[in-house]
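User: I would like to learn how to read contacts, ring pairs and helix packing from a model. Please take me through the features one at a time.

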Amino acid sequence: ETDERKVQQRLKQVGYGKNTIAYDNYRRQVPKNSRDGENPAHLRTPNARAAGISKRQFDGRLREWRSKLHVFWGDDDAESAAGASAGTEGAR
């Protein structure tokens, strides 16, 4: 991609996904040197610099990648997050 502003915005969106507990869990469970592009369980981060893809196409790839990351969120983290939010609702 040649539009630097567009690339920076895309990198920012990818960064949001990489700044999650789910991504940290994924990196621990699937080390980079053992990832295989043919394995559907091994995620591929959308290429923010890919030439010739529209905003809609990139957003679709980003959305798919983020939804696949949720598999690595972990039950313990989801339960503690649910418990924390339930506790704050009662305080209102």
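Analyst: Contact here means heavy atoms within 4.5 Å. Keep in mind that this is a predicted model. With that cut-off, and leaving aside neighbours within four places in sequence, histidine 42 is in contact with Tyr26, Val30, Ser34, Arg35 and Asp36.

User: Where does histidine 42 lie relative to the helices?

Analyst: Histidine 42 belongs to the loop that runs between helix H2 (21-29) and helix H3 (55-69).

User: Is histidine 42 buried or exposed?

Analyst: Its relative accessible area is 16%, so histidine 42 is buried. The cut-off for buried is under 20%.

User: What is the overall make-up of the chain?

Analyst: The protein chain has four helices and zero strands, and the order from the N terminus is α-α-α-α. Of its 92 residues, 23% count as buried. The chain exposes about 6900 Å², with carbon and sulfur atoms supplying 47% of that area. Among contacts with a separation of 6 or more, 65% are between residues 24 or more positions apart.

User: How is a pair of aromatic rings described?

Analyst: Two quantities are used: the distance of the centres and the angle of the planes. In this structure there are three aromatic pairs. One of them joins tyrosine 23 and tyrosine 26, with 6.2 Å centre to centre and 45 degrees between the planes, a tilted pair. Both tyrosines lie in helix H2, three residues apart, about one turn of the helix.

User: Are tyrosine 23 and tyrosine 26 buried or exposed?

Analyst: Tyrosine 23 has a relative accessible area of 9% and is therefore buried. Tyrosine 26 is also buried, because its relative accessible area is 1%. Tyrosine 23 has a further partner: with tryptophan 65 it forms an edge-to-face pair, 6.1 Å centre to centre and 65 degrees between the planes. That pair links distant parts of the chain, since tyrosine 23 is in helix H2 and tryptophan 65 is in helix H3, 42 residues apart. Tryptophan 65 is buried as well, at a relative accessible area of 3%.

User: Which residues do the ring pairs link into a cluster?

Analyst: The cluster consists of Tyr23, Tyr26, Trp65 and Phe72.

User: How are two packed helices described?

Analyst: By the angle between their axes and the distance between the axes. For helix H1 (residues 4-18) and H3, the axes come within 10 Å and cross at roughly 10 degrees. Angles under 35 degrees count as roughly parallel, so H1 is roughly parallel to H3.

User: Which residues meet where H1 touches H3?

Analyst: From H1, the residues are Arg10, Gln13, Val14, Tyr16, Gly17 and Lys18. They meet Lys55, Phe58, Leu62, Trp65, Arg66 and Leu69 in H3. By class, the residues of this contact are six nonpolar, two polar and four charged.

User: What about aspartate 24: where does it lie, and how far is it from tryptophan 73?

Analyst: Aspartate 24 lies in helix H2. Its relative accessible area is 37%, so aspartate 24 is partly exposed. The C-alpha atoms of aspartate 24 and tryptophan 73 are separated by 8.9 Å, although the two residues are 49 apart along the chain.

Note on methods:
Residues numbered from 1 in each chain as written. Predicted model: local features only at pLDDT ≥ 70, side-chain atom pairs only at ≥ 80, totals over all residues. Heavy atoms only, no water. Helix = DSSP H or I, 4+ residues; strand = E, 2+ residues; numbered from the N terminus. Buried < 20%, exposed > 50% of the residue type's maximum accessible area, 1.4 Å probe, protein only. Phe/Tyr/Trp six-rings, centres within 6.5 Å; stacked < 30°, edge-to-face > 60°. Areas by Shrake-Rupley, 256 points an atom, 1.4 Å probe, with all protein chains shown as cover. Axes fitted to C-alpha atoms, helices over the stretch in contact; angles between N-to-C directions. Parallel < 35°, antiparallel > 145°, perpendicular 65-115°, else oblique. Nonpolar A, V, L, I, M, F, W, Y, C, P; charged D, E, K, R; others polar.
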